[in-house]
Amino acid sequence: MPIQLDAEQIDALSEIFNIGVGKAAAAMGSLLRDEVLLSVPHVSVFTVSEAAQQLGAQGHPMYGVRQPFRGVLNGDALLIFPGHRSLEIVRIVAGQNVPSEDLSAIEQDALTEVGNVMLNACIAALSDLLGHEFELSPPRFGMGDSRTILGTRIQNHLVVFLHIRFELLSSQIEGFVVFVLNTTSLEGLRTAVNRLLGRPVDAD
Amino acid sequence: MSLRLLIVDDSRMSRLILQGLVQQAHPDWTIVHASSGEEALQLARENPVDLVSMDFNMHGMNGLDAALALRQLLPRVPIAILTANVQNAVQERIEEAGMVFIAKPITAQAAQQLIALAGA
């Protein structure tokens, strides 16, 4: 099925995503005690394989937190960090409350919690804007190359891929916030965006 | 007054951060941890607590269901749902159930909100 979003819908989707990630950045800044710089959002329709290429070269190690969501849109929200900076992030988040010898032991847990706070803030902003609640299951941690991080999807399936790059100002740690929307929820996406644009909801 | 606080969260780091912040203000408090709603209920049956901080999105029983079950066991104990799930609908559901909603991330301010529930 060809996926068609017109320019106005893509613009609306970018702005919704931008607002959501802005909220997420505020939550992350509070957690990491740092300013979070954001790139402009990108909205594309890709195969899963192409989406993985956008995130980085195959084989490059990454850490990712995946937050599945279901509702008017279905998909995954992802927070992706480069693997080699992970302990630094854990150290910042845990602060003085976790003994330094315990930091490695809680690495996955700490990164999952960063993802939990950031991605939930983003999803809550989307929920507010779209006027629909999303059902969330607990976030999942993953490590590996970009294909692994994107989860067990069929590589040639099409997805709506929204991504934004962020950078922590002081530590210069970079990463991505990514939303992968299943195309099965495309009609819901069009309806939600049209409603936001003030168009008749059955317009296409 | 020394109180017994139950922190329920599937994130160990979150439990440790909240414990650290609470104990900065109240080093005499006893803090017990549970990593699931089911474990929290078991602990509360064995040793009653004075205050509960409960995560919302957890594997198994979700935080609101666990909090409602805890309320049956400990009807006078204040329960806060401390969660990253900050959707308005979720906050409304928590408040309609008579629980206190506190948004993550866990900060000194969030810890103070929790401590205040105990009148401490």
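**A note on the A–B interface and its pockets**

1. Arg93(B) forms a salt bridge with Glu133(A), their closest N and O atoms lying 3.0 Å apart. Chain A and chain B share two salt bridges (a side-chain nitrogen of Lys or Arg within 4 Å of a carboxyl oxygen of Asp or Glu).

2. A word on the basis: this is a predicted model, where local features need pLDDT of at least 70 and side-chain atom pairs count only at pLDDT 80 or more, while totals for chains, interfaces and linings use all residues. Residues are numbered from 1 along each chain as its sequence is written, chains are lettered from A and ligands numbered from 1 in the order written, and side-chain values use heavy atoms, leaving out hydrogens and water.

3. Now the interface as a whole. Chain A brings 26 residues to the contact and chain B brings 24 (heavy atoms within 4.5 Å). The two chains bury about 1900 Å², 56% of it on carbon and sulfur atoms; this is the accessible area (1.4 Å probe) lost on being put together, summed over both.

4. For the pockets, the search uses a 1 Å grid over the protein atoms alone; a pocket is an open set of points where a 1.4 Å probe fits, with protein on both sides within 12 Å along at least five of seven lines, and lining residues have an atom within 4 Å of a point. The largest pocket holds about 220 Å³ of space. Of its 19 lining residues, Arg33(A), Val93(A), Ile17(B), Ile106(B) and Thr107(B) lie nearest the centre.

5. The second largest pocket has a volume of about 190 Å³. Its lining has 15 residues, with Ala27(A), Ser30(A), Ala103(B), Lys104(B) and Pro105(B) closest to the centre.

Conventions: Points joined across faces, edges and corners; volume = space filled by probe spheres on them.
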